[in-house]
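Please find below a short note on the structure under review. The points are meant to be read alongside the coordinates.

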Amino acid sequence: MSDHYVKVKVQLEQMKSSGEGVEKEEADMIEDEVLVASPPASVSPIPASCTPAAQREPPKTTVTCRNQSKSRSKLGKDEKNTGTKQDSVPALQGTIVASNANSGKPVNRKDNEQQTLQIKGTGKMLQGKTETNGNAVPIHLPEDIKVGPHNKEDANKVAKRRKPVTVDTFKAKTSLEALKLSIRQLKWKEFPVGRRSACDIYWHGVSFHDNDNIISGQVNKFPGMIEMLRKINLTRAVRTMQELFPEEYNFYPRSWILPEEYQLFSTQISLAKDGDVSQKPTFIIKPDGGSQGDGIYLIRDPGDLRVIAGSHTKQSVVQEYIHKPLLIDKLKFDIRLYVLVKSLEPLEIYIAKEGLSRFCTEPYQEPSQKNLSHVFMHLTNYSLNVQSGNFVHSDSLSSGSKRTFSSVLYRLASKGVDIKKVWSDIISLVIKTIIALVPELKVYYQADIPPGKPGPTCFQILGFDILLMKNLKPVLLEVNANPSMRIEHEQEVSPGVFEYVPSPVDEEVKVGVIRDTLRLMDPAQKKSLTSYPEHQQEELLGSPVRGAGEEGRVLPSMCLKQVFPKYTKQFSYLRTVERITALFLRFLGVKGNMRLGPTGFRTFIRNCKLSNSHFSMATVDILYIDVTRRWASMLPGSREAGMGLQAFVEAFFYLAQRRFKSLPLREQVVSLLEVCEAQLENQGRGDPGGALPEDSTSSTRRSVSCGRTQPGRTVHPHHMSTSTPGQALSAPQLCSPSTPRRASSQDYRLHQRLRPTHKGNVEN
């Protein structure tokens, strides 16, 4: 027994024998000798019934020595009756502190409440109860607690595990208040002005590049996410998937990209009107980089683009307008759902169980030439409707111009709607959309954080804007890389004077999303929970953590539900483009590059043995030049030369169509993928049938996914196909660039595939 505890025991025995307790001596004893237990840093006790705004940190309550002596005296008396040898407990290497787990008050032996004991230096929490007569039930120590005198190393390890998680909020911007509240609930440590040493989590307000000096930890933004979620890039990504899986991706409205497809758009609409005079479609124009409803307007004729916008050269997307949406109280509304992409490799997706329903402020009427300019009738953007005099800020979660999504579902359920079917369709839409985005995101990721280079891992919260049609089919409107996380709104307190006041509905939804995102990204939890199923992870994350002087409170259950890889079997067949991306990354060449050069493209053709007497390397050069030039003209702001991923995918589709002419496009692409992967696998095993490229070693080392099981390798049973083995013909000598230019355009001209229209329209 150490001198420290001998001293404590002697003092307690003297106080018990004399019956005297001087308050000053007690205070000194508390300050010098008593250890107040604290909860682990990763979890904070928060009552599930409390709203985030009403939560405050509970005052710390100390345990007086008199109460300690009474508790121990009572324990000692009980031991004589039960024969339990409890005197050995003070001999543990640490001080044992008792507290009322529910009230936070000093221990009262008459209270029939649960007690917790913490052993100093171990972080172990022992729980017991008092009997109705006030006698404490003996607490049996777990076998895994070591009480030997030489346990300093274990104590240091435990102390290191309990180190609070650090969060850098310097760049958080508009999400700062919700983030601060979440950090306080979790009892983590915030660094509002940054930190010289590394933090565990960095919370950025705009993009991954808000801080380019991060080499470790976790960042709440993915490289390239902002670029990929611009209107045009999102449309192209979904359009590629629509070519392969038209039925699965019919949740996205028919779209055209301006200005490059203006003539095509104008021609198709004119032909449609000529074929059916009664047809009067409406279209919505969305600027490529617009946000918060800025620049959005409706038209009924392609000629109105010039009249309204002044010039159609501004990059934007034109979509068919959904003229039969689901209405509540005669108002159009949309749904904002928050989706967490936890990682790309492996792909992990979580969906918030609660979302926001944002209502228009003017009763809906089908679009006509008279009401096209009524934005409060047709556009659901909060930033637009909040300017209407009819906008209602409500303290209720089920009324007003912004409500919880669950309140809308409850109302639909009362009318007999199958809510499970609605949720299932929404989850399917989210997973399919992210699968369409992942290929390009992987290219951005390896460019900013090449394999082997130190850098952070990434996660990101996305805002999905979804519209329910009258037949309850969900339609994707757009995806926001930086959804608003404000938990307050502006209110005019006097003419011209505004102030921010709390928004209960925003706080209810957004604080839970941020808090549970942090819980999932907790470095300690990420390692300890990976071996548990999803439902057990939620139970562990929501388990109670109590400490001396604190109320026994529990964090609310997780509001984020894992949907992928939970539903991998249902959606793995859609990851075909990711397999093409793996080939693209394998042959990129230079670390951090996003464009494939002509040499890399030739190497890809040669290693996969795609050239033969009917498809020479001269044809390969022409294919590369045609595709690259056309995409360069569509991306005028790009300064980087070479073939990007979208251009490579187009070239790959062309090669598949040329090689397997009798099959549908999807089966053509899958068949060519199997040929390429088989050839590369044989070369990896040292098959003499194919020579490795000069830079094959470095290419393999650079690849972020080629060395792993390819995503989507398991073909869906509905899309099985038989592959055709590649022809192992030797590649001819590469020609000079001038030779292909003299080739016949009839033989070598690239097939123009890009088609903006699809028969799978979202409206039934």
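This is a predicted model: local features need pLDDT of at least 70, side-chain atom pairs count only at pLDDT 80 or more; totals for chains, interfaces and linings use all residues.

1. The largest nonpolar core comprises 108 residues. Within this core, Phe464, Phe601 and Phe604 have the most contacts. Helix α13, spanning residues 419–448, is the element that gives the most to the core, contributing 17 residues. Apart from this core lies another, of 32 residues, which includes Val167, Ala178, Met485 and Val511.

2. When neighbours within four places in sequence are left aside, its contacts are Leu583, Phe587, Leu610, Phe648, Phe652, Leu655 and Cys676.

3. Helix α13 also packs against α7 (residues 231–244), with an angle of about 105 degrees and the axes 9 Å apart. Because angles of 65 to 115 degrees count as roughly perpendicular, α7 is described as roughly perpendicular to α13. From α7, Leu234, Ala237 and Met241 meet Thr433, Ile435, Ala436 and Leu437 of α13. By class, the residues of this contact are 6 nonpolar and 1 polar, with no charged residue.

4. Asn220 sits in the loop that connects β7 (218–219) to α6 (225–228). Its relative accessibility is 4%, so Asn220 counts as buried, the cut-off being under 20%. A polar atom of the Asn220 side chain lies 2.5 Å from the backbone nitrogen of His204. Beyond neighbours within four places in sequence, Asn220 is in contact with Tyr202, Trp203, His204, Phe459 and Gln460.

Note on methods: Residues are numbered from 1 along each chain as its sequence is written. Side-chain values use heavy atoms; hydrogens and water are left out. A nonpolar core is a set of buried Ala, Val, Leu, Ile, Met, Phe, Trp, Tyr and Cys residues joined through side-chain atoms within 4.5 Å. Buried means under 20% relative accessible area, exposed over 50%, partly exposed in between (1.4 Å probe, protein chains only). Helices (H or I, at least four residues) and strands (E, at least two) are DSSP runs, numbered from the N terminus. Contact means heavy atoms within 4.5 Å. A polar contact is a pair of N or O atoms within 3.5 Å; within protein, one must be able to donate a hydrogen and the other to accept it, and residues adjacent in sequence count only if both atoms are side-chain atoms. Axes are lines fitted to C-alpha atoms, for helices over the stretch in contact, and angles run from 0 to 180 degrees between N-to-C directions. Angles under 35 degrees count as roughly parallel, over 145 as roughly antiparallel, 65 to 115 as roughly perpendicular and the rest as oblique. Ala, Val, Leu, Ile, Met, Phe, Trp, Tyr, Cys and Pro count as nonpolar, Asp, Glu, Lys and Arg as charged, and the others, Gly among them, as polar.
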